[in-house]
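Let's take a walk through this structure together. Have the sequence and the 3D view open side by side as you read.

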Amino acid sequence: MPRVNSVKNSLKLMIVDDSNIIRRRIERSQQIDRLEVVGAASNGRAAVEMFRRTQPDVVTMDLTMPEMDGVECVEEIIALNPDVLILVVSALADKATAVEAIEKGANGFLCKPFTDRQLNDALEELLSEA
Amino acid sequence: MFKEAEIRTFIEGTTAYFESSAQQSATVGSPYLVTDGNPGAYEYTGVISITGTRKGVVYFTAPRGMLTVLLMRMQETDTSDENIKDLVGEVANTISGNARRDFGKNFVISVPTIIAHDLEKVTTPYSRSFVIPINWRTHSAKLVVCLE
């Protein structure tokens with residue numbers, strides 16, 4: 001059963017990271033034709049609010065953020081739409097954190113620092129689930 | 001007590017950051033121990049507080065010139081003071097977060113605190129710190145690891 005409507009030409013992407021340069025870098029570096037950036041948020045609380053408004057299909061999610069961290073934000077977003085695809089993009093490199101994020105509903109994990117190619121490979125792999 | 005062997009984790013994190021983000025290697029000088037509580041700082045510093053099973057701080061400190069070129073290597077055209085501060089915090093965050101590969105989940109890192117243009121404000125909680133000198137292109141920076 002596809003998690004995202006694959007008939008759609010484009011998928012909406014929301015970027016969540018407390019670093020402006022990382023948000024801009026993901027937007028600039030992602031080369032997936034059918035991904036259209038609909039918003040960027042700098043903390044989990046703002047991300048949940050933006051998610052309600054923009055209804056993205058795909059989310060890149062940092063974990064260490066002020067106000068509401070990424071794991072909590074993943075839980076809230078999954079509660080709003082269990083079909084959303086979430087790629088965690090975090091510096092937290094221990095296995096337990098990756099496993100926890102996946103258990104909460106994330107679909108993939110990309111460790112910072114990353115190259116443009118690693119970002120696009122991770123997004124492609126994520127979208128292959130769609 | 002922070003073990004000297006554990007410094008390897010931070011050296012690897014530092015070199016990995018430059019190789020991935022700037023796609024240009026940095027060289028790391030011999031780490032040295034500072035015991036007077038004053039490991040020093042450059043113009044911009046990103047400080048990560050460490051709690052959990054370990055306590056202390058990890059900070060990355062660099063001059064504006066280095067951070068500006070690093071931003072440009074990342075294809076970032078906005079080299080404003082805001083983005084320079086953002087970058088110095090992100091480097092500190094990434095290297096500290098990567099250290100959890102070896103230290104585990106209970107090596108809890110804070111969001112970065114940024115100190116700019118005020119070297120006096122850059123302090124460590126303990127007198128002993130390891131300093132990792134970083135050389136990249138023509139620039140010098142350092143990573144300071146101060147853990148009990």
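**Where the two chains meet**

Between chain B and chain A there are 15 residue pairs in polar contact, counting pairs in which both residues reach pLDDT 80 or more. That cut-off applies because what you are looking at is a predicted model. On the chain B side, helix H1 (7-22), helix H3 (81-98) and helix H4 (100-103) each supply at least two of the residues that touch chain A. The largest share, eight residues, comes from H3(B). Sorted by class, this side of chain B has eight nonpolar, twelve polar and seven charged residues.

Now for the contact as a whole. Chain B contributes 27 residues and chain A contributes 24 residues. The size of an interface is often expressed as the accessible area lost when the parts come together. For chain B and chain A, the buried area is about 2000 Å², with 53% of it on carbon and sulfur atoms.

Charged partners also bridge the two chains: the rule finds five salt bridges across the interface.

The largest nonpolar core has 61 residues, and A:Ile86, B:Phe10 and B:Phe60 are the ones with the most contacts inside it. Another core, of 18 residues, lies apart from it and includes A:Ile32, A:Leu85, A:Phe114 and A:Leu123.

Two individual residues are worth a stop. Let's begin with B:Thr68, which sits in helix H2 (residues 64-73) of chain B. Is B:Thr68 buried or exposed? B:Thr68 counts as buried because its relative accessible area is 17%, and the cut-off for buried is under 20%. Leaving aside residues up to four places away in sequence, B:Thr68 touches B:Thr79 and B:Ile84. B:Gln23, by comparison, is 45 residues from B:Thr68 in sequence and 15 Å from it in space, C-alpha to C-alpha.

Over in chain A, A:Asp116 belongs to helix H5 (residues 116-127). With a relative accessibility of 32%, A:Asp116 is classed as partly exposed. Which residues does A:Asp116 touch, not counting those up to four places away in sequence? They are A:Arg25 and A:Ser29. With A:Ser29, the side chain of A:Asp116 makes a polar contact of 3.0 Å. A:Gln31 is 85 residues away from A:Asp116 along the chain, yet their C-alpha atoms are separated by 8.9 Å.

Definitions and conventions
Residues are numbered from 1 along each chain as its sequence is written. Chains are lettered from A and ligands numbered from 1 in the order in which they are written. This is a predicted model: local features need pLDDT of at least 70, side-chain atom pairs count only at pLDDT 80 or more; totals for chains, interfaces and linings use all residues. Side-chain values use heavy atoms; hydrogens and water are left out. A nonpolar core is a set of buried Ala, Val, Leu, Ile, Met, Phe, Trp, Tyr and Cys residues joined through side-chain atoms within 4.5 Å. Buried means under 20% relative accessible area, exposed over 50%, partly exposed in between (1.4 Å probe, protein chains only). Contact means heavy atoms within 4.5 Å. Buried area is the accessible area (1.4 Å probe) that two parts lose on being put together, summed over both. A salt bridge is a side-chain nitrogen of Lys or Arg within 4 Å of a carboxyl oxygen of Asp or Glu. A polar contact is a pair of N or O atoms within 3.5 Å; within protein, one must be able to donate a hydrogen and the other to accept it, and residues adjacent in sequence count only if both atoms are side-chain atoms. Helices (H or I, at least four residues) and strands (E, at least two) are DSSP runs, numbered from the N terminus. Ala, Val, Leu, Ile, Met, Phe, Trp, Tyr, Cys and Pro count as nonpolar, Asp, Glu, Lys and Arg as charged, and the others, Gly among them, as polar.
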